[in-house]
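Open the model in your viewer and keep the selection panel at hand. The tour goes from stop to stop, saying what to select and what is there.

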Amino acid sequence: MKIEGVPHCENARLALDIYRHTLEAVQADRLMLPHLNRLGAELGDTGKISVCGAGKASVAMARACLDYFGERCTGGLVITKDGHGGLLGPIRCIEAGHPVPDERSLAAGAEMLEFGLQRRAGDVVLFCLSGGASALMEVLRPGKTLGELQEDTKGLLASGATIEEINRWRMSQSLVKAGGLGRAFGAARVYCFVLNDIVDGDVRLVGSGPFSVEADGGVEFITIGDHRTARTVAVERAKGLGLRVQEAQLTGVARDWIVSALEELPAGACLVATGEPVVEIHGEGVGGRCQEMALAAAILIAGRTEFAVLCGSTDGTDGPTEYAGGLVDGNTVSRTALSARDHLAANDSTAYLRDAHALLHTGPTGSNVNDLVVAIR
């Protein structure tokens, strides 16, 4: 996997190596294979299969199904984020708005509901669900307008609310969430593969619960990975490189978490953390969780050349940007004349890190298991 990011010191090179190795290991097609082997044995060699999905990793997941079952896959529908799509043979692939839903999200939601309603008893459906599905696939309850949904969504995203809190709210607004899709697919035999981006592991909240555990007895949930999968891989890689590892979970406000974690990191240690912090937006700048953590880290470790800190998403897009995150060291703030503190106050991490040559760019990774921090001192 090609990753664009400049490691300016040895510790930064090691952090980038751990990140690259982790991204390769958590690609959805790799995570799908053992579960497809099991399901293939269960289904045998008879019957046609539909493949559906929604989310940022849904195309990679669907492609794994198509590669495994081949001509038995006769059709389906996959909804993903702009730039994350691809050709899937007989499976229709469409792109929609993320992280704020748009008109395409409503059309996609309606099309998915209709696809479900057309299923008949005995039909087999493989549904590939990953983070991002909440915005990408929507059918509003009567009385709710798209404009209202968009403004409410923007407000929640800016407020510092967790993804769990946002998804619970989304479930109350929608006919396709909170089991709505499961009711539409009710006649079919559904295997829902879940790449879980909910930090506490509750599959009922991924994508705001289109198939709820309580309502859909005909749905079998198959979790293929989560942020702990990424952490396990990263820790093993770091230890293999001879580093002394400390593990943690990302939580709370991004800039506060990273500062506290780095202040407590002893010399000679490597911190590996996964999860999903939040950003409280007070300025008009552009950035994301990982870039905000990287900028806050750059300020803290300025002049301390023993440090390198990588903060990267596993889906390849950090917030509403094309970048995956940032890679900083003790000299990052000396590489630009911009004010790091002013840019952090304005939530303008992308512009600062770009000028400091500290951005990470991966493109869509085919995965989505939250964020990864690798800090080496």
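Which residues of the largest nonpolar core touch the most other members? This is a predicted model. Select Trp257, Ile258, Met293, Val309 and Val328: of the 34 residues in the core, these touch the most other members.

Now colour the elements that build this core. At least two residues each come from α10 (254–263), β8 (269–275), α11 (289–300), β9 (308–313), α12 (340–345), α13 (349–355) and β12 (371–376). Helix α11 gives the largest share, eight residues.

Stay with Val328 and show its surroundings. Leaving out residues up to four places away in sequence, Val328 touches Ala294, Ala297, Ala298, Ile301, Ala308, Val309, Leu353 and Ala358.

Next, switch to a cartoon view and find the six-stranded open sheet. Its strand order is β7-β8-β12-β9-β10-β11, and the pairing is mixed. Select β7 (244–250) and β11 (359–360) at the edges: each has a single partner strand, so one side of each has no neighbour in the sheet. Strands β10 and β11 run antiparallel and are joined by two bridges. To see one of the pairs, select Gly325 and its bridge partner in β11, Leu360.

Follow β10 (residues 325–329) to Asp329, which lies in this strand. Is Asp329 buried or exposed? Its relative accessible area is 4%, so Asp329 is buried. Not counting residues up to four places away in sequence, Asp329 touches His8, Cys9, Ile301, Phe307, Ala308 and Arg335. Display the side chains of Asp329 and Arg335 to see a polar contact of 3.0 Å between them. A polar atom of the Asp329 side chain also lies 2.8 Å from the backbone nitrogen of Asn331.

For the last stop, select Leu43 in helix α2 (residues 28–43). Leu43 has 12% relative accessibility and therefore counts as buried. What does Leu43 contact, apart from its neighbours within four places in sequence? Show Ile49, Phe69, Arg72, Val124, Arg189 and Tyr191, which are in contact with Leu43. One of these, Val124, is 81 residues from Leu43 in sequence, with a C-alpha to C-alpha distance of 9.3 Å.

How values were computed:
Residues numbered from 1 in each chain as written. Predicted model: local features only at pLDDT ≥ 70, side-chain atom pairs only at ≥ 80, totals over all residues. Heavy atoms only, no water. Helix = DSSP H or I, 4+ residues; strand = E, 2+ residues; numbered from the N terminus. Buried < 20%, exposed > 50% of the residue type's maximum accessible area, 1.4 Å probe, protein only. Contact = heavy atoms within 4.5 Å. Polar contact = N/O pair within 3.5 Å; in protein donor to acceptor, adjacent residues only side chain to side chain. Core = buried A, V, L, I, M, F, W, Y, C linked by side-chain atoms within 4.5 Å. Pairing = 2+ DSSP bridges.
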